[in-house]
Amino acid sequence: MVQNHHVLSPATSMEAQPPMNVTFEPDAGWLVYLANPRKPAYALPSGAVDAHCHVFGPGDVFPYAPERKYTPVDAPKDKLFALRDFLGFERQVIVQATCHGADNRALVDALRAAGDRARGVATIRPSVSRDELAQMHEAGVRGVRFNFVRRLADPKPDDYYRGLVGLIAEFGWHIVIYFEAADLAERCDLFTSLPTTIVVDHMGRPDVTQPLDGADFELFQKFMGTRENVWAKLSGAERLSKSGPPGYDDFIPFARHIAQAFPDRVIWGTDWPHPNMKSHMPDEGDLVDLLPRIAPSEQLQRKLLVDNPMRLYWEAS
Ligand code: 0GY
């Protein structure tokens, strides 16, 4: 599918620039988010937060980054906000995806449009200015994302990330890390030295065909158990499950285990528009219906979906 896209002249500000007619073609076989997901049977608690979702483009206004590893189909903010309202979420945390690199303009535009109903997680480079950080903070950014997944971002030395930590300190932002299960041991020195709250995307991507006490997941539990600043997103059922939709049965014990062990340090998100899915495109109605299985009591559900994300993204700074 060819989309009619354009590209911007290089921009240093957070504002959208007038388009300049360049076409982006999504990757062959790119799976597109469902136009009409089903209504979940589970009624979300009032004030629920979808704490992991993205905006992609539109590319004619917010071009994809030259260094990107994939080119998606546009997933603009109006579709994201419509999904929020359809599923019954009150708020969203929009996470910068690697296809936009460290150009956070699409994110900032979505945050400004959402007002107090969204917060953001940005990607930054060492060259970012204090003024750009301040603009992002004013728009609702409350964290930065370090992406260690090799198919998404080129790896950088630990000191690169340590340098970024210094830049965000004055804003009180936290750090979101995304890695494959095997990377935890390799990057352990870096991860345990980070001074902020750390949120691990998709529980560190466990192999859900392994037992709960398998080596990689044991290490992840130890990471959370010994470091009180480490949080987990219990998202990614559609990415990690081998048993598949609609129940994603093999994923549930992993997420429930973390929810019960660390009830005050877990959050959850849809991961819309589900970039790089190959096996299938999930129905967000199915994903929301996993929540009472991940968090079996009302109290746990409230922490996972309301209290914890509100504390981290709305009340912290
Ligand atoms: C996710 C997962 C993926 C992509 C990204 O930033 C990204 O491009 O995070 C993935 O491909 O696993 O959470 O969106």
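How many bridges pair strand β6 with strand β7, and in which sense, parallel or antiparallel? In this predicted model, β6 (residues 198–200) and β7 (residues 230–233) pair in the parallel sense, over three bridges. One place to look is I198, which stands opposite V230 in β7.

Eight strands form an open sheet with parallel pairing, in the order β1-β2-β3-β4-β5-β6-β7-β8. The edges are taken by β1 (49–53) and β8 (266–267); each has a single partner strand, so one side of each is left without a neighbour in the sheet.

On one side, β5 runs parallel to β4 (residues 141–147), and five bridges join the two; here V144 has I175 as its bridge partner. Strand β5 also runs parallel to β6, with three bridges between them, and V176 is partnered by V199 in β6.

Turning to the helices, α2 (residues 105–114) has buried residues at A106, L107, V108, A110, L111 and A114. The cover over them includes α1, β2 (91–95), β3 (118–122) and α3 (130–139). Just after α2, G115 adopts a positive phi of about 60°. The largest nonpolar core has 79 residues, and those touching the most other members are I94, A110, I177 and L234. Helix α2 gives the most to this core, with six residues. Leaving aside residues up to four places away in sequence, A110 touches V55, K77, L80, I94 and A118.

D78, in helix α1 (residues 77–87), counts as exposed because it has 11 C-beta neighbours inside 10 Å.

A cis peptide bond joins G57 and P58, with omega about 5°, and P58 has its place in the loop between β1 and α1. Another cis peptide bond joins P245 and P246, with omega about 0°; P246 is found in the loop between α8 (237–240) and α9 (252–261). R205, which is not a glycine, has a positive phi of about 50°. R205 lies in the loop between β6 and α7 (215–226) and counts as buried because it has 21 C-beta neighbours inside 10 Å. H274 is likewise a residue other than glycine with a positive phi, near 60°. The loop between β8 and α10 (284–288) contains H274, which is buried, with 23 other C-beta atoms within 10 Å.

Finally, there is the ligand. The residues around the ligand are H54, A97, T98, C99, N147, L152, Y178, D201, R239, D271, P275 and N276. Sorted by class, this shell has five nonpolar, four polar and three charged residues.

Definitions and conventions
Residues numbered from 1 in each chain as written. Predicted model: local features only at pLDDT ≥ 70, side-chain atom pairs only at ≥ 80, totals over all residues. Helix = DSSP H or I, 4+ residues; strand = E, 2+ residues; numbered from the N terminus. Buried ≥ 20, exposed ≤ 12 C-beta atoms within 10 Å, placed from the backbone. Near = placed C-beta within 6 Å. Nonpolar A, V, L, I, M, F, W, Y, C, P; charged D, E, K, R; others polar. Pairing = 2+ DSSP bridges. Contact = placed C-beta atoms within 7 Å. Core = buried A, V, L, I, M, F, W, Y, C linked by C-beta atoms within 7 Å.
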